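Student: Hi! I have a model open on my screen and would like to talk it through. Can we start with the charged side chains?

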Amino acid sequence: MERVDRLTLQQLRYFLAVAEARHFTRAAEQTRVAQPSLSKQIHSLETELGAPLFSRARGNITLTPAGEALVP
């Protein structure tokens, strides 16, 4: 159970980094994780929540309504 709680907090940390940076590579650099790992964790979080959190258009990352609801 402890592993799941820590993983969820890590996913939220990555989510907030992407939400602030509006860029996956910059968020990965800020959180000191490889970009593919960060993307995988965001995808897992989106799957768990059942909704996309970001709208991904070439060079333009924006929050979806579900993403907006998750930001404190």
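**Salt bridge and surroundings**

Tutor: Happy to. This is a predicted model, and the structure holds one salt bridge.

Student: Which residues form the salt bridge?

Tutor: Glu 46 pairs with Arg 56, and their closest N and O atoms are 3.1 Å apart. Glu 46 belongs to helix H3 (residues 35-49) and Arg 56 to strand S1 (residues 54-57), so the pair ties together parts that are ten residues apart in sequence.

Student: Why would such side chains pair at all?

Tutor: Side chains of opposite charge can pair when their charged atoms come close.

Student: And is Glu 46 buried or exposed?

Tutor: Glu 46 is buried, with a relative accessible area of 9%. Arg 56 is partly exposed, at 43%.

Student: OK, zooming out. What is the secondary structure of the chain?

Tutor: There are four helices and two strands. Along the sequence they follow the pattern α-α-α-β-β-α.

Student: How does the radius of gyration of the chain fit a compact globule?

Tutor: The radius of gyration agrees with that picture: a compact globule of 72 residues would have a value near 11 Å, and the chain has 11 Å. Along the principal axes, the C-alpha atoms fill a box of roughly 35 × 25 × 20 Å.

Student: What share of the residues counts as buried?

Tutor: Of the 72 residues, 31% count as buried. The chain exposes about 4,900 Å², and carbon and sulfur atoms supply 54% of that area.

Student: Back to H3 for a moment. Where is Ile 42 found, and what does it touch?

Tutor: Ile 42 is found in helix H3 and counts as buried, at 0% relative accessibility. Leaving out residues up to four places away in sequence, Ile 42 touches Gln 11, Tyr 14, Phe 15, Val 18, Phe 24, Phe 54 and Arg 56.

Student: Arg 56 again! How far apart are Ile 42 and Arg 56?

Tutor: Ile 42 and Arg 56 are 14 residues apart in sequence, and 12 Å apart in space from C-alpha to C-alpha.

Student: What fraction of the chain's contacts comes from residues 24 or more positions apart?

Tutor: Such pairs account for 42% of the contacts with a separation of 6 or more.

Student: New topic: backbone angles. What is phi of Arg 22?

Tutor: Phi of Arg 22 is near 55°, a positive value in a residue other than glycine. Arg 22 is in the loop between helix H1 (2-21) and helix H2 (24-31), and it counts as partly exposed, at 36% relative accessibility.

Student: And what about phi of Arg 32?

Tutor: Arg 32 also has a positive phi, of about 60°, although it is not a glycine. Arg 32 lies in the loop between H2 and H3 and is exposed, with a relative accessible area of 79%.

Student: Last one, on charges overall. How far apart are the mean positions of the positive and negative charges?

Tutor: The mean positions of the 9 positive and 7 negative charges are 8 Å apart.

Definitions and conventions: Residues numbered from 1 in each chain as written. Predicted model: local features only at pLDDT ≥ 70, side-chain atom pairs only at ≥ 80, totals over all residues. Heavy atoms only, no water. Salt bridge = Lys/Arg side-chain N within 4 Å of Asp/Glu carboxyl O. Buried < 20%, exposed > 50% of the residue type's maximum accessible area, 1.4 Å probe, protein only. Rg over C-alpha atoms; globule rule 2.2 N^0.38 Å. Contact = heavy atoms within 4.5 Å. Areas by Shrake-Rupley, 256 points an atom, 1.4 Å probe, with all protein chains shown as cover. Lys, Arg positive; Asp, Glu negative; His and termini not counted. Charge placed at Lys NZ, Arg CZ, Asp CG, Glu CD.
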